[in-house]
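This briefing sets out selected features of one protein chain for computational work.

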Amino acid sequence: MMTTGVLHLTRCGLRTIGCRAFASDITKPFRDVRDGFSWVVPKEMVNPNRPPTQVDVLIIGGGIMGSSAAYFLREVKKYGVSVAVIEKDATYARASTVLSVGGIRQQFSTPENILMSMYSVKFMKSIKDSLSVEGMDPPDIQFNDQGYLFLANKDQEHILYENHITQKDNGAQVELLQQAKLKERFPWLNTEDIALGSYGIENEGWFDPWALLRAFRSKAIDLGAGFYNAEVTGFSIKDGLDNIIEPTERALSGRKINTVEVSMMNSPEKIEINAAHIVMAAGAWSGEMGRMLGIGTGPSDEDLHIPIPVFPRKRYVYVVHCPDGPCIDMPFIVDQCGVYIRREGFGGNFLVGRAPEEGEEPDIKDLSVDYDFFEEKIWPHLAHRIPAMEKLKVKSAWAGYYDHNTLDQNGIIGRHPTYKNLTIATGFSGHGIQQSPAVGKLISEIILKGRSLTIDVSKFGFERCISDSPVLEKCVV
């Protein structure tokens, strides 16, 4: 459906590690403060179940963003930064990463999104070169290079034309298919109400999200990062005069995060961690985590009255079986109404989903699945677009959380302008996993070198939240 020129296409053991002494100057890139560090192994690092009390970089969230950032921070050996990752869900049973459908595409309208996905797909295709661990099988994320196919009706087709120009200008391999060409290439598709399709002919498709997460995590651990099953329960804050202050209290001469309090998930123990730099990669719960720092409730003259605009949104994924459905030539389809479908293996199984309309968002209190949503909001459209889907069986389903950025549904990447030792990587609203290799790389550059270099993502900084300047993406799935 079209409004104001936006195409609303809804988509559905740890080793003992070498560790430097704590970096006291938290506002400078590590390259400026690395001299003089002693190479010691704090006793607490020997226990894989207990995080260190001092660390260079503390990452909150051990999902795909946190694990990718941990890998890239440790991969740059010359800086030798110690990295600890805090993750409360050790099984990842509720993690957004493993509950996603694992799509990757370059079909965006924003150059930065296109470039991040292009970097990420190149990384994924050579993943064995980067993330293999001695003594373990090489990572296999089962990349399916089948492309994405976005469909538009007559009122929407101008959006695909506009996007196509930006995509080609940034190196994406996509082609536009008129109705007749669509029918010729995909004869099982009903194109009677479709004016145009945009098809990714290279470097698009889907992969196994759990395999990618496991590969990043295993390699980060192999390189010396520590992953700990704990929950962040508090912060202590210091102003620029080294006074401890409350998060909502006005600071003198700036502020920084002094320590992070974590509660161990397998014991009643609480530990305070002194970190030079903190990465917030808490996904859907980042807004809540920000409020613990006074972000959204603090002094307006420090820009702390503006919250991190990220909240959990529940999305359903249905596994359907249709023995007569399309097979190997089927791309990841995003219909003009918002329904998406991709093949799952070769046995007539498919993953299907759709985001609800505004005002119909499901309750986020649990991850229960609404099967009526499939019957009423998905199946009629699916059967219309692919007539073979008139006969199908829902085999199973699951629900997961999007880290939904209410400002513009794009990621927030960069340092917080008030907390200079806090870097944020959250709010990707469904396209985070496909951009995770790029985001991990960029976070490491921001921390180690002071700014993103591989791709300039300053446009995605938190400053746009403060100025209420959304970066509008026309192709949201």
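Predicted model: local features only at pLDDT ≥ 70, side-chain atom pairs only at ≥ 80, totals over all residues.

Where is the place of asparagine 203? Asparagine 203 is found in the loop that joins strand S10 (196-200) and strand S11 (205-206).

**Loop residues with positive phi**

- Asparagine 203, a residue other than glycine, has a positive phi near 65°.
- Aspartate 242, likewise not a glycine, has a positive phi near 70°.
- The loop between strand S12 (226-239) and strand S13 (244-245) holds aspartate 242.
- With a relative accessible area of 46%, aspartate 242 is partly exposed, because values between 20% and 50% fall in that class.

**Valine 85 in strand S6**

- Strand S6 (residues 83-87) contains valine 85, which is buried at a relative accessible area of 0%.
- Leaving aside residues up to four places away in sequence, valine 85 touches Ile59, Gly61, Gly62, Ala70, Gly226, Phe227 and Tyr228.
- One of these contacts, glycine 62, is 23 residues from valine 85 along the chain, and their C-alpha atoms are 5.9 Å apart.

**Packing of helices H3 and H10**

- Helix H3 (residues 111-125) packs against helix H10 (residues 432-449) at an angle of about 95°, and the axes are 7 Å apart.
- H3 is therefore roughly perpendicular to H10, a class that covers 65 to 115 degrees.
- From H3, the contact involves Asn113, Met116, Ser117, Tyr119, Ser120, Phe123 and Met124.
- From H10, the residues met are Ile433, Gln434, Gln435, Ser436, Pro437, Ala438, Val439, Lys441 and Leu442.
- Sorted by class, this contact of H3 with H10 comprises nine nonpolar, six polar and one charged residues.

**Aromatic rings**

- The model has 19 aromatic pairs, counted where ring centres lie within 6.5 Å.
- The rings of phenylalanine 123 and phenylalanine 216 are stacked, because their centres are 5.5 Å apart and their planes are at 10°, where stacking requires under 30 degrees.
- This pair links distant parts of the chain, with phenylalanine 123 in helix H3 and phenylalanine 216 in helix H7 (residues 209-222), 93 residues apart.
- Both phenylalanine 123 and phenylalanine 216 are buried.
- Tyr316, Tyr318, Tyr371, Phe373, Phe374 and Trp379 are joined by ring pairs into a cluster.
- The charged end of arginine 105 lies over the ring of phenylalanine 108, at 4.0 Å from the ring centre.

Note on methods:
Residues numbered from 1 in each chain as written. Heavy atoms only, no water. Axes fitted to C-alpha atoms, helices over the stretch in contact; angles between N-to-C directions. Helix = DSSP H or I, 4+ residues; strand = E, 2+ residues; numbered from the N terminus. Parallel < 35°, antiparallel > 145°, perpendicular 65-115°, else oblique. Contact = heavy atoms within 4.5 Å. Nonpolar A, V, L, I, M, F, W, Y, C, P; charged D, E, K, R; others polar. Phe/Tyr/Trp six-rings, centres within 6.5 Å; stacked < 30°, edge-to-face > 60°. Buried < 20%, exposed > 50% of the residue type's maximum accessible area, 1.4 Å probe, protein only. Lys NZ or Arg CZ within 6 Å of the ring centre and 35° of its normal.
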